[in-house]
Amino acid sequence: MTRFLPILALAALPAAAQQSPEDAAFSAALKEFLPAPATAMPVRKTELTFTPDTPRAADTTPAAHPEAYARFVDALNEITRQNIYDFCQPLRIVLEATNDEFAALDWMEQAAAGGNPAACQYVGDRRLSNVPRNKIQAPETKEAYALVRKAADAGYDAAKINVCMCMQMGIGTKKDEDAANKYIFDACKSGNMIPRYKWLQMSGRLASWEDRERPEVAAEIKRGNHHVLFYLSNKAPNAQERIGMLRQAAEKGNAEALYTLSALSSEKAPKESFTLLKEAVRLHSADALYALGIAMTEGDPASPILQEAGVQHNDSAGRAFIKLAAMMNHVGASFWLGSMSYRGKCGMAEDKERAFRYFDHGAMQGNATCGTAAGIMLLRGLGIPQDARKGLYYLNVAANAGVPHAVIMLAYAQHTGTGLPADSKAAMKLLQEVAAMGQKHAYIYMAYITAKGGNKLPADPKMAAHYVRIASLDMKDAAQKMYDQLMAEGWTPEP
């Protein structure tokens, strides 16, 4: 998404380093393949307002909403025409027509079947997310690649990046470095900043703070490529340099930079922070949509910070912002919506089946916390048919991603014999590993298992009390309360 928004003063650009022979050859290639765009990409901002929640439509298919679907396709056509990768507007149309976030994929698939390039990229990209190694040449992966290839061949730059990456790694197609380069160079020629930024990354020319002085990187900075500026802000050696880069990126209209500056100033300058946040929302930052939604739904109305910023409590509008963020694949939003649906909070009806869909959506985007929640629901059959084997798969993926609670849940499965042979000794070993990583509450589960005994482990109340005391060093009185509740109610984990 290439947009420009003047907000803060632009700092002086770093001087370009003297060219090495390799850099000179590279710069010569730039002149041939990557001519400087004649004009800057235009600003695209949209005011986002939402009407109060309406009941979910009984029929969410495109056929049941012909006028809304026509506007949806028009919005996709505009995305293709402008050659941007910003699906906020069509997704918003789906949400307002159906009040069902999960209807978007059906609408996109129908538009893709009709040949719309932006829809082909959306659907194909979604299916290509987190493809397992053993599925990179599976029929469904090849079908997903065919969709993004169709969009790329229609001239859609975002799809050209996807095709390039698939060809480089052999996902859904054979490896072909020369053809991959052709697609990325074609995308760069359009003047679109995202392909140029991605190409610098893929070529190894943009990997560190020092790379800002490379001639080709400095040239992109001079052109106002805010994606490069934002990337460099995350590589800055100190806070001052980071803020400087963030300000440059924000001036050029980078939504992520605006959101980051808003977060950094939230406590010390709430009014300025909220101004920056609203600009990031207008530029369709999923992070900003989620943050604004959380402030509206969970923020304390009496908070001096929120009062100074002018943020008012509004569950309905807040939920709408969070739902839109989830539709834009913000995994934090998916987890929040899943949690609220599971417990029936924040104006959302208790709906465990829908909660699982939110968690599963986040897991498919690679979020291990959502995967843990989905795994627990599958393991125990909470609101959905029990599938211990699939639940253990989700939990193993999350555990390998470093989520301690996923390891604790694997210990639960081992202790109870849910999908695994009952073996409390093996469960204790898993819990000891989590405790060693600093998760003191793991000692409470160790105490519970030790007190109960069974499954190859003798009961030992004295050792159980010892584990509770260890947990109390960090958890204070909460450790004893958690242990007492476990002993009274049993271990019945929920997301």
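Buried means under 20% relative accessible area, exposed over 50%, and partly exposed in between, using a 1.4 Å probe and protein chains only. Keep that in mind while we look at this predicted model, where local features need pLDDT of at least 70, side-chain atom pairs count only at pLDDT 80 or more, and totals for chains, interfaces and linings use all residues. Residues are numbered from 1 along each chain as its sequence is written, and side-chain values use heavy atoms, with hydrogens and water left out.

Let's start with one residue. Threonine 372 sits in helix H20 (helices are DSSP runs of H or I, at least four residues, numbered from the N terminus). Its relative accessibility is 5%, so threonine 372 counts as buried. Leaving out residues up to four places away in sequence, threonine 372 touches Leu395, Ala398, Val403, His405 and Ala406; contact means heavy atoms within 4.5 Å.

Now for a whole helix. In H24 (residues 442–452), 10 of the 11 residues are buried, among them Tyr443, Met446 and Ile449. Which helices do the buried residues of H24 pack against? Here they are:

| Helix | Residues |
|---|---|
| H22 | 404–416 |
| H23 | 424–436 |
| H25 | 461–475 |
| H26 | 477–489 |

Notes: Helix = DSSP H or I, 4+ residues; strand = E, 2+ residues; numbered from the N terminus.
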